[in-house]
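Please read the following report alongside the sequence and the three-dimensional model.

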Amino acid sequence: MPLSRSGARIKRRTPDAAGNGVVFLDRRLPLVDSAGPLLRKAFPDHWSFLLGELALYSFAVLLLTGVYLTLFFQPGMDEVLYEGSYVPLRGVRVSAAYASTLHVSFDVRGGLLVRQVHHWAALVMVAAIGAHMLRVFFTGAFRRPREVNWVIGTTLFLLTVLEGFAGYSLPDDLLSGTGLRTALGFILSVPVAGTYLSMFLFGGEFPGDAIVSRLYAVHILLLPGALLAAVLLHLQLVVRLKHTQWAGAGRTNRNVVGKPMFPQFTAQSAGLLAMVAGVLLLLAAVAQVNPVWAYGPYRPDQVSTGAQPDWYLGFIEGAMRLLPGFETRLWGHTVSWNPFLPAVVFPLVFFGVLYAYPFLERWITRDRSEQHLCDRPRDAPVRTAVGAAALTFYGLLLLAGGQDVVARLLDVSVDRLTWILRVLVLLGPLAAFWLTRRVCLALQERDGERLREGDETGEVRQSVEGAYREGHRPVPAEERFVLLARRPVRPVPPPAERGASAQQRERLKAVLSDWYYRDQVPYPDESPPGTGESRPEGQEVSRRTP
Ligand code: HEM
Ligand code: HEM
């Protein structure tokens with residue numbers, strides 16, 4: 001051991017194994033420095049911000065289980081004699097795709113479990129996307145500068161639904177074949193191009209022998225690739241634009257306060273991943289999904305009762321069941337309005353409105369400023385009411401998608417239930433709009449009252465004159481800040497004197513903006529929230545660049 005000048009022994013510090021490992025890695029993979037700012041990024045802490053991650057982790061599970069399924073699944077439609085262990089179907093001629101799905105389910109170790117995890121993960125992923133989208137919508141997190149990320153999100157939604165439909169069609173069982181037959185009806189209903197399009201997609205007359213292998217390529221290559229690229233872009237934008245946050249003391253439009261990405265947020269997020277995987281495994285182990293052996297192989301001349309698509313396509317099915325069937329002859333072509341309107345036009349309009357919504361709202365409100373604070377839904381009553389109306393419409397269509405099952409459960413005739421649902425689908429959204437707007441205004445009224453008079457203490461005092469008075473205490477400062485964080489109303493002013501058409505457009509904008517903004521109960525002392533910043537313990541603060 002070396003000695004110091006004074007003769008004392010010097011003990012050298014030997015770097016520990018982990019430190020050595022980091023240095024070794026950093027020399028060869030110099031990403032640690034550039035990852036530094038990312039690792040310190042603040043991620044606001046709120047349960048509703050976990051919904052996007054729920055979608056992300058279901059997607060990760062789908063990728064993993066999907067790869068396992070590709071090891072055994074065969075996408076061919078050529079006929080084979082089924083010889084596997086599922087006795088009731090032994091000796092039956094089925095397609096190679098169907099036989100391999102039975103093989104995965106009954107003869108591959110863990111195959112049925114993985115297939116069920118895959119299917120459950122698909123159902124959960126679409127539900128998580130829906131909930132995440134609603135969170136973004138109701139909090140106004142799509143406003144500037146996140147409009148493009150909303151557009152990418154809507155694309156993710158569309159791609160996932162298509163991916164789910166392609167997967168559902170792969171096993172070539174009676175249910176998936178019926179789904180394909182229904183899709184054929186949609187395609188054929190497209191005027192002029194429908195027949196050519198169907199011939200092109202199915203490679204000839206339905207069902208042909210090409211569709212499963214084509215959908216297989218789409219399902220395991222094209223769509224997952226597109227999804228993966230879009231998810232990465234989506235997340236990159238979340239990081240670059242920084243996350244929105246709920247207003248609070250120290251949390252303003254100019255900063256973002258939250259857990260640092262590493263280690264706190266990473267640990268929390270890894271926990272969520274483990275929970276998602278665990279719950280999906282549990283579901284797959286105890287709850288049967290898509291028992292294709294019970295449905296039997298697809299035969300074009302058969303269909304079973306109670307056949308349903310996966311839940312996320314139920315609203316299109318519902319729209320078809322509610323619209324009466326009628327046709328028109330136009331220029332020598334027959335236009336079959338059902339399914340053309342509910343299954344082709346309606347989804348196009350639905351996604352068109354979704355894509356356009358941030359720009360539509362911006363056009364109406366003329367709000368060009370950057371918004372990084374989440375709106376409380378009550379503070380944007382018209383937006384919240386529009387969302388509630390859309391949800392009611394969607395929910396009723398979904399219910400209509402299973403109207404035969406509901407009719408059996410409630411013991412009413414399918415015809416009567418269809419008529420009731422037709423009326424509800426028209427009136428329900430209007431009622432939901434009206435009710436939600438009233439509830440938002442009532443909640444604003446209550447907030448205003450709290451700000452003016454404070455919270456009730458529950459004590460009643462009698463003055464010397466004999467009058468009774470309720471006791472009140474001021475709203476706590478933190479809550480006061482949250483209540484006052486809403487944006488001040490700025491309706492578009494009426495048009496200035498200009499050309500007739502320009503003036504008409506301006507007037508329309510002014511009317512719409514007044515309609516959008518009118519619903520704000522004034523609060524006392526409504527001034528923009530202060531920008532005083534504090535840094536709560538264990539939290540990271542990132543400043544937003546203007
Ligand atoms: C968002 C992503 C995905 C969704 C929503 C999805 C959805 C589905 C659904 C609903 C099924 C029918 C399952 C069943 O038979 O019950 C399926 C089957 C299948 N998926 Fe996916 N999937 C996705 C990604 C993937 C990926 C990335 C792969 C492969 C790399 C894959 C490979 C397969 C295979 C091979 C089957 C047929 C196996 C079978 O049905 O037994 N999937 N998928
Ligand atoms: C595969 C589907 C999707 C995945 C994996 C995904 C993932 C995420 C994640 C992890 C976040 C950050 C955490 C959070 O706010 O929840 C996020 C934020 C965001 N997502 Fe998605 N998302 C998906 C679909 C969508 C859809 C359908 C939309 C809207 C139509 C959307 C719009 C947004 C927006 C605007 C943000 C930023 C929100 C903010 O800063 O507050 N995403 N997404």
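## The protein as a whole

Of the 546 residues in the protein, 30% are buried, where a residue is called buried if 20 or more other C-beta atoms lie within 10 Å of its own, exposed if 12 or fewer do, and partly exposed in between, with C-beta atoms placed from the backbone. This is a predicted model, in which local features need pLDDT of at least 70 and side-chain atom pairs count only at pLDDT 80 or more, while totals for chains, interfaces and linings use all residues. Residues are numbered from 1 along each chain as its sequence is written, and chains are lettered from A and ligands numbered from 1 in the order in which they are written.

The secondary structure comes to 18 helices and 9 strands, these being DSSP runs numbered from the N terminus, with helices taken as H or I of at least four residues and strands as E of at least two. The C-alpha trace spans about 90 × 90 × 60 Å along its principal axes. Among contacts with a separation of 6 or more, 73% are between residues 24 or more positions apart, two residues being in contact if their C-beta atoms, placed from the backbone, lie within 7 Å.

## Helix α9 and its kink

Helix α9 covers residues 211–241, and its 31 residues should span 45 Å at 1.5 Å a residue, which agrees with the 42 Å between its end C-alpha atoms; the expected span is 1.5 Å times one less than the number of residues. A kink of about 40° in α9 is centred on H219, the bend at a residue being the angle between axes fitted to the seven residues ending there and the seven starting there.

H219 is also one of the buried residues of α9, which include I211, V212, L215, Y216, I220, L223 and V231. The buried residues of α9 pack against α3 (51–70), α4 (96–106), α6 (147–169), α7 (174–188) and α8 (194–202).

The 23 residues of α6 should span 33 Å at 1.5 Å a residue, and the end C-alpha atoms are 34 Å apart, which agrees. Among the buried residues of α6 are N149, W150, G153, T154 and L156, and what covers the buried residues of this helix includes α5, α7, α9 and α13 (337–365).

## Two helix pairs

The axes of α3 and α5 (residues 111–138) come within 8 Å and cross at roughly 155°, where axes are lines fitted to C-alpha atoms, for helices over the stretch in contact, and angles run from 0 to 180 degrees between N-to-C directions. The two helices are therefore roughly antiparallel to each other; angles under 35 degrees count as roughly parallel, over 145 as roughly antiparallel, 65 to 115 as roughly perpendicular and the rest as oblique.

Helices α12 (residues 314–322) and α14 (residues 381–401) pack at an angle of about 75°, with their axes 6 Å apart, and are therefore roughly perpendicular to each other. Residues of α12 including F315, R321 and L322 meet residues of α14 including Y394, L397 and L398.

## A buried loop residue

F142 is found in the loop between α5 and α6 and is buried, with 23 other C-beta atoms within 10 Å. F142 and Y357 are 215 residues apart in sequence, yet their C-alpha atoms are 8.9 Å apart in space. Not counting residues up to four places away in sequence, F142 touches V136, F137, E147, W150, Y357 and P358.

Most residues other than glycine have a negative phi, and most peptide bonds are trans. K242, which is not a glycine, has a positive phi of about 65°; K242 lies in the loop between α9 and β4 (255–260) and is buried, with 21 other C-beta atoms within 10 Å. W331 is likewise not a glycine and has a positive phi of about 45°, but W331, placed in the loop between β5 (327–330) and β6 (333–336), is exposed, with 7 other C-beta atoms within 10 Å.

A cis peptide bond joins F206 and P207, with omega about -5°, and P207 is found in the loop between α8 and α9. The peptide bond from F262 to P263 is cis as well, with omega near 5°, and P263 is found in helix α10 (residues 261–286).
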